[in-house]
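Subject: Structure handover

Hello,

Here is the structure I promised to pass on. Please open it first, then read my notes below.

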Amino acid sequence: MFKVNAETKKILVPLISIVAGFLVGAVIMLLWSYNPILAYTSMFSSALGNMNGLGETIREATPLIFTAIGFSIASSAGFFNIGLSGQAQGGWLAAIWIALANPHMPKYILLPYAIIVGTLVGAAIAGIAGVLRAYFGTNEVIVTIMVNYIVLYSCQYLMQNVMNKNLRVSTDATKTVSNNGTLRLDWLSNIFGGSRINAGIFLALIALVVFWFIMKKTVTGFEIKAVGLNPFASRYAGMSAKKNIIISMLLSGAFAGLGGVVQGLGTYQNHFTQTTSVDIGFDGMSVSLLGGGTALGILLAALLFSILKIGGLGMQTLAGIPYEIVSIVIAAIIFFVAINYVIGLLFEKKKKNYNQPETIAKISNNSVDGPAVKVGKGGEV
């Protein structure tokens, strides 16, 4: 057992989880007669070895940052927001719809308009679970899972039956948004070898700062964490549990909706029929867990997951190793993060050495219990 301080332990546990996940992937590759060194070399060279790959890695990480922030806020309040996928998808469709319906609106108006609407839609979807939990005590996990399916099929219906046909190329896909409604920046894409990197990464960095500020420097963030730690004590202290439940879910959904907006206006620039819930929701949960719910941790974890996903494609083409191995590595990492208590047993927190000087103090008791007494080292009388 190794003695480390609390901060070091918080860093070592996820690092060991990552290494253990890669080792599990390596063992599985060896069992199937694949070369793990070649596989991981191909993975990292594809994701980071050229400007196009680096741009795609950053692009892949961008929506994960938003959904991870959303999950972290909800979990700080003591809730599991499993509905990130639905909230992201709702924000995605709403932003695309606004951009397509107003193609000639100036970019400095249309883009913020679409982003705000997509954010509000994500917040509204999450707010359903928040209100039901606050006023009726319903389980937010069940509600958000069910809402995922409601949003999935509602988006299909809205696009296929409600959206103006002039905004679609078929029943399964919309048109591409105009230049006034896209997050793509030609100069940024050119720097990164023509990749799909977009202005969403700047929004994501701003979102990380906002998330840090809310949770560390505001009364709202303090109350959210307090309710999550002990709702009874928080209520006794005068905090409204219902209000904070709803606020935390609204904030969670808003950030998840932003992830969908970036995916729509940045990566794909249109909306198309989804056969299942979007991946960025569940991947964002994993990123949040690996990142420990902190702003810096989320950024690094999102980049790691993006390297795995983008590099996994290169691993498949360059090394001939199935992409499913990447999913196994990700699953193994999350598994070891989930059992971080077991990994944490490897480390023992250092005990602080307090040097207590021997002092003599006189305690005045106004002669109620007798004369003043002397207090020596360790509080001995």
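The protein has 15 helices and six strands. Please keep in mind that this is a predicted model. Of its 381 residues, 48% are buried. The exposed surface comes to about 19,300 Å², and carbon and sulfur atoms supply 65% of that area. I also looked at contacts between residues at least 6 apart in sequence. Of these, 74% join residues at least 24 apart.

The core

Start with the largest nonpolar core. It holds 78 residues. Which of them touch the most other members? They are Ile69, Leu265 and Leu308. Helix H13, residues 295-319, gives the most to this core, with nine residues. As general background, nonpolar side chains tend to be buried together in soluble globular proteins.

Ile69 deserves a look of its own. Set aside its neighbours within four places in sequence. Ile69 is then in contact with Ala207, Leu208, Phe211, Phe255 and Ile298.

A helix pair

Next, find helix H3 (residues 51-76) and helix H11 (residues 241-268). Two packed helices are described by the angle between their axes and the distance between the axes. For H3 and H11, the axes come within 7 Å and cross at roughly 170°. Angles over 145 degrees count as roughly antiparallel, so H3 and H11 are roughly antiparallel to each other.

Who makes the contact? H3 brings Arg59, Thr62, Pro63, Phe66, Thr67, Ile69, Gly70, Phe71, Ile73 and Ala74. H11 brings Ser248, Met249, Leu251, Ser252, Phe255, Ala256, Leu258, Gly259, Val262, Gln263 and Thr267. These residues divide into 12 nonpolar, eight polar and one charged. Note that Ile69 and Phe255 are both in this list. Ile69 and Phe255 are also in contact with each other.

H3 has another residue to check. Gly55 sits in this helix. Gly55 counts as buried because its relative accessibility is 0%, under the 20% cut-off. Beyond its neighbours within four places in sequence, Gly55 is in contact with Phe192, Ser195 and Ile197. Leu188 is 133 residues away from Gly55 along the chain, yet their C-alpha atoms are separated by 9.0 Å.

Ser85 is in helix H4, residues 84-101. Is Ser85 buried or exposed? It is buried, at 0% relative accessibility. Its contacts, leaving aside neighbours within four places in sequence, are Asn148, Ser277, Val278, Gly281 and Phe282.

Helix H6 covers residues 140-162, and Gln156 is part of it. Gln156 is buried, with a relative accessible area of 17%.

Ile142 is exposed, because its relative accessible area is 53% and exposed means over 50%. Ile142 and Ile82 are 60 residues apart in sequence. In space, their C-alpha atoms are 8.3 Å apart.

Helix H1

Leu23 is placed in helix H1. Leu23 is exposed too, with a relative accessible area of 53%. How far from Leu23 is the C-alpha atom of Val329? The separation is 8.4 Å, although the two residues are 306 residues apart along the chain.

Two loop residues

Finally, two residues with positive phi. Ser33 has phi near 65°, a positive value in a residue other than glycine. Ser33 is in the loop between helix H1 (6-31) and helix H2 (36-48). It is exposed, with a relative accessible area of 69%.

Gln269 also has phi near 65°, and it is likewise a residue other than glycine. Its loop runs between H11 and helix H12 (279-290). Here the setting is buried: Gln269 has 13% relative accessibility.

Best wishes

Definitions and conventions:
Residues numbered from 1 in each chain as written. Predicted model: local features only at pLDDT ≥ 70, side-chain atom pairs only at ≥ 80, totals over all residues. Heavy atoms only, no water. Helix = DSSP H or I, 4+ residues; strand = E, 2+ residues; numbered from the N terminus. Buried < 20%, exposed > 50% of the residue type's maximum accessible area, 1.4 Å probe, protein only. Axes fitted to C-alpha atoms, helices over the stretch in contact; angles between N-to-C directions. Parallel < 35°, antiparallel > 145°, perpendicular 65-115°, else oblique. Contact = heavy atoms within 4.5 Å. Nonpolar A, V, L, I, M, F, W, Y, C, P; charged D, E, K, R; others polar. Core = buried A, V, L, I, M, F, W, Y, C linked by side-chain atoms within 4.5 Å. Areas by Shrake-Rupley, 256 points an atom, 1.4 Å probe, with all protein chains shown as cover.
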